[in-house]
Amino acid sequence: MKMGNQSIVSEFLLLGLPIEPNQRDLFYALFLAMYLTTVLGNILIIVLIQLDSHLHTPMYFFLSNLSFSDLCFSSVTMPKLLQNMHSQVPHIPYADCLTQMYFFLFFGDLESFLLVAMAYDRYVAICYPLHYTTIMSPKLCLSLVALSWVLTTLHAMLHTLLMARLCFCADNVIPHFFCDMSALLKLSCSDTRVNELVIFFMGGLILVIPFLLIMMSYARILVSILKVPLVRGICKAFSTCGSHLSMVSLFYGTVIGLYLCPSANKSTIKETVMAMMYTVVTPMLNPFIYSLRNRDMKGALGRVLCEKIFFCY
């Protein structure tokens, strides 16, 4: 497609991961296993929470939404990555690229807001246990999730529309495994200053503020726990909070480092590895960190299996 003397891009080539040809099958099997683990782990959590009435609480309501977000977030990029690893020409049409970018932003932002809601839920449960059921009412929980969906829709649409107004000329090679917003801006032959300004400003609202709110919530939780002189309770709380904070830091740290702290020294390989951390590793580990290893989820799994076995007999 041509416009004047410039060739307008109708599709992009995704270079994918910098993997040697003789190691491609090994990495394909690894990424396929990671994606299947993500899908099965998050579906298991959603099903258990729906089937077991003991898990119909605010905390597990947010967890089921987080699992759905993780499932979709990983599915935005991983199937295309796996397909391109066995493709001679790993191309993606222009419209599909913008669609992928939209849903990538949508589910990434949704995860950010849900992590804030979960941190607030734990803060109320530990610091104000007697008022927990009053504060965390079904109406508030639904409102928080609905607000998250609305804000993420608007934010993702904003960046997608701003990207759609740009022109892409001769260069159509994306040195990434998905249609990353920063990579697309580098390929554009239009003025991208507005896009970069919006990324920096909105990134502060969508990423930095939620991250600070989460850290403040866990700081208040730790202060409250330390006031109770029970060594066993303190150790358990530190173990739980520590694992949660490690996943929060991994998610926010890599995203903020990529989009809000640009550096000329960042190599393509380094950026790709950082992107893998929050697009592949975090959605895979979240089910184990937040749900599958706790007593309530294990109990729910046992009850559901016993009911199914008893029903079969």
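User: How much space lies in the largest cavity?
Analyst: About 220 Å³. Bear in mind that this is a predicted model.

User: How many cavities of 30 Å³ or more does the count come to?
Analyst: Three.

User: Back to the largest one. Which residues lie nearest its centre?
Analyst: Leu105, Asp109, Leu207, Val255 and Tyr259. They belong to a lining of 18 residues.

User: What classes do those lining residues fall into?
Analyst: The lining has 13 nonpolar residues, four polar ones and one charged one.

User: Which helices each supply at least two residues of the lining?
Analyst: Helix 3 (94–127), helix 5, helix 7 (193–226) and helix 8 (231–259).

User: And which helix gives the most?
Analyst: Helix 7, with five residues.

User: Helix 5 and helix 7 both came up. At what angle do they pack?
Analyst: About 170°, and their axes are 11 Å apart. Angles over 145 degrees count as roughly antiparallel, so helix 5 and helix 7 are roughly antiparallel to each other.

User: Which residues make the contact?
Analyst: Helix 5 brings His155, Leu158, His159, Leu162 and Met163. Helix 7 brings Val194, Asn195, Val198, Ile199, Met202 and Ile206. By class, eight are nonpolar, three are polar and none is charged.

User: New topic: helix 2 and helix 5. How far apart are their axes?
Analyst: 10 Å. Helix 2 covers residues 58–85 and helix 5 covers residues 138–164. They pack at an angle of about 20°.

User: Parallel or antiparallel?
Analyst: Roughly parallel. The cut-off for that is an angle under 35 degrees.

User: Is the crossing of helix 2 and helix 5 left-handed or right-handed?
Analyst: Right-handed. On the helix 2 side, the contact is made by Pro58, Phe61, Phe62, Asn65 and Phe68. On the helix 5 side, Cys141, Leu142, Leu144, Val145 and Trp149 take part.

User: What about helix 1 and helix 2, at what angle do they pack?
Analyst: About 155°, with the axes 9 Å apart. That makes helix 1, residues 24–51, roughly antiparallel to helix 2.

User: What is the hand of the crossing of helix 1 and helix 2?
Analyst: Left-handed.

User: And how do the residues of that contact divide?
Analyst: Into 19 nonpolar, six polar and two charged.

Notes. Residues numbered from 1 in each chain as written. Predicted model: local features only at pLDDT ≥ 70, side-chain atom pairs only at ≥ 80, totals over all residues. Heavy atoms only, no water. Axes fitted to C-alpha atoms, helices over the stretch in contact; angles between N-to-C directions. Helix = DSSP H or I, 4+ residues; strand = E, 2+ residues; numbered from the N terminus. Parallel < 35°, antiparallel > 145°, perpendicular 65-115°, else oblique. Left-handed = near helix turned anticlockwise from the far one by under 90°. Contact = heavy atoms within 4.5 Å. 1 Å grid on protein atoms, 1.4 Å probe; cavity = no way out; pocket = protein on both sides within 12 Å on 5 of 7 lines; lining within 4 Å. Points joined across faces, edges and corners; volume = space filled by probe spheres on them. Nonpolar A, V, L, I, M, F, W, Y, C, P; charged D, E, K, R; others polar.
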